Amino acid sequence: MIQPIRLARRIRAAGDDDRVDDPLVGDQVGVATKTRAKSKKPSMFKVLMLNDDYTPMEFVVMCLKRFFAMDLEQATRVMLHVHQKGVGVCGIFPYEIAETKVNQVMDFARQNQHPLQCTLEKA
């Protein structure tokens, strides 16, 4: 059973900012309830980069550094994995972020006239 609580009102005496009285106020009764919405973790998605025979390795490394905040060593490792295996994971993100990163990489590749492909799949 939820217990009722009494509400208190803070009263300041005129001209006396330091003195505070906290009397219980008449018959005012309130009910305190705690509601907690259980938030669900968002689904995660892998951003995948696909190998092709035309996009320079240096461009792939630049994309990985620029859009996935990788350092040179990590970006080079991922680029070599993509080159050797045909596909590699650039990162795992919530859907909206993964989609944005895919679009950023694809747009940047098109602007630089490279056929680099990037996609996402559920993690």
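Which residues of α2 are buried?

1. Basis of the note. The model is predicted: local features need pLDDT of at least 70, side-chain atom pairs count only at pLDDT 80 or more, and totals for chains, interfaces and linings use all residues. Residues are numbered from 1 along each chain as its sequence is written, and side-chain values use heavy atoms, with hydrogens and water left out.

2. Overall architecture. Three helices and seven strands make up the secondary structure of the chain; helices (H or I, at least four residues) and strands (E, at least two) are DSSP runs, numbered from the N terminus. Along the sequence they follow the pattern β-β-β-β-β-α-α-β-α-β. Of the 123 residues, 28% count as buried, where buried means under 20% relative accessible area, exposed over 50%, and partly exposed in between (1.4 Å probe, protein chains only).

3. Contacts and surface of the chain. Contact means heavy atoms within 4.5 Å. Among contacts between residues at least 6 apart in sequence, 61% join residues at least 24 apart. The chain exposes about 9300 Å², of which carbon and sulfur atoms supply 52%; accessible areas come from the Shrake-Rupley method with a 1.4 Å probe, and for residues only the protein chains shown count as cover.

4. Helix α2. The opening question is answered by Ala75, Val78, Met79 and Val82, which are buried in α2. Seen down the helix axis, the buried residues of α2 fall within an arc of 100°, so they line one face of the helix; the arc is that of the directions from the helix axis to the C-beta atoms. An α-helix has 3.6 residues a turn, so residues three or four places apart point the same way. The face turned away from the buried side of α2 carries the exposed residues Glu73, Arg77, Gln84 and Lys85.

5. Dimensions and packing of α2. This helix spans residues 72–85, has 14 residues and reaches 20 Å from its first C-alpha to its last, close to the 20 Å expected at 1.5 Å a residue. The expected span is 1.5 Å times one less than the number of residues. The buried residues of α2 pack against β5 (44–50), α1 (57–68) and β6.

6. Gly86. Just after α2, Gly86 takes a positive phi of about 95°, in the loop between α2 and β6. Gly86 is partly exposed, with a relative accessible area of 29%. Leaving aside neighbours within four places in sequence, Gly86 is in contact with Met49, Leu50, Asn51 and His81. Gly86 and Met49 are 37 residues apart in sequence and 8.4 Å apart in space, C-alpha to C-alpha.

7. Positive phi at residues other than glycine. Ala69 has a phi near 50° and is found in the loop between α1 and α2, where Ala69 counts as exposed at 71% relative accessibility. Gln113, which is not a glycine, has a positive phi of about 55°. Gln113 is in the loop between α3 (95–111) and β7 (117–122) and is exposed, with a relative accessible area of 74%.

8. Nonpolar surface patch. Met44, Val89 and Ile92 make a nonpolar surface patch of about 240 Å². Patches are made of residues with over 30% relative accessible area and no salt bridge: like charges are joined within 9 Å, nonpolar side chains (Val, Leu, Ile, Met, Phe, Trp, Tyr) within 5 Å. A salt bridge is a side-chain nitrogen of Lys or Arg within 4 Å of a carboxyl oxygen of Asp or Glu. Ile92 lies in strand β6 (residues 87–94) and is partly exposed, with a relative accessible area of 46%.
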